[in-house]
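Here are a few friendly notes to read alongside the model. Please keep the sequence and the 3D view open as you go.

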Amino acid sequence: MDWKGDGFRVAVDEKVPDLRAFGANDFFSSISACRYAYSIFEHIDFRGNEYMLNAPCSISYLAGMS
């Protein structure tokens, strides 16, 4: 959390059904520098709960979202 640890970037027009494609696990704790509105999902392949993030956003602790 708080933007510590490894990170990566996803292109604006890229849909990522499984974050393991980036060598990442499925536990993320922060998001930074959102320029566009987008969705994140609880599970791979866009399944589970969907969370809408509106620009600008900077979330230091995703587990606190509900």
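1. The protein chain has 0 helices and 4 strands, and along the sequence the pattern reads β-β-β-β. Helices (H or I, at least four residues) and strands (E, at least two) are DSSP runs, numbered from the N terminus.

2. A word on provenance: this is a predicted model, in which local features need pLDDT of at least 70, side-chain atom pairs count only at pLDDT 80 or more, and totals for chains, interfaces and linings use all residues. Residues are numbered from 1 along each chain as its sequence is written, and side-chain values use heavy atoms, with hydrogens and water left out.

3. Of the 66 residues in the protein chain, 15% are buried (under 20% relative accessible area; exposed is over 50%, partly exposed in between; 1.4 Å probe, protein chains only). Among contacts (heavy atoms within 4.5 Å) between residues at least 6 apart in sequence, 43% join residues at least 24 apart.

4. Do have a look at Ile-31 in strand S1. Ile-31 counts as buried because its relative accessibility is 14%. Leaving aside residues up to four places away in sequence, Ile-31 touches Trp-3, Tyr-38, Ile-40, Leu-53, Ser-58, Ile-59 and Leu-62. Gly-7 is 24 residues from Ile-31 along the chain, with 9.3 Å between their C-alpha atoms.

5. Val-10, by contrast, sits in the segment before strand S1 (31-34) and is partly exposed, with a relative accessible area of 38%.
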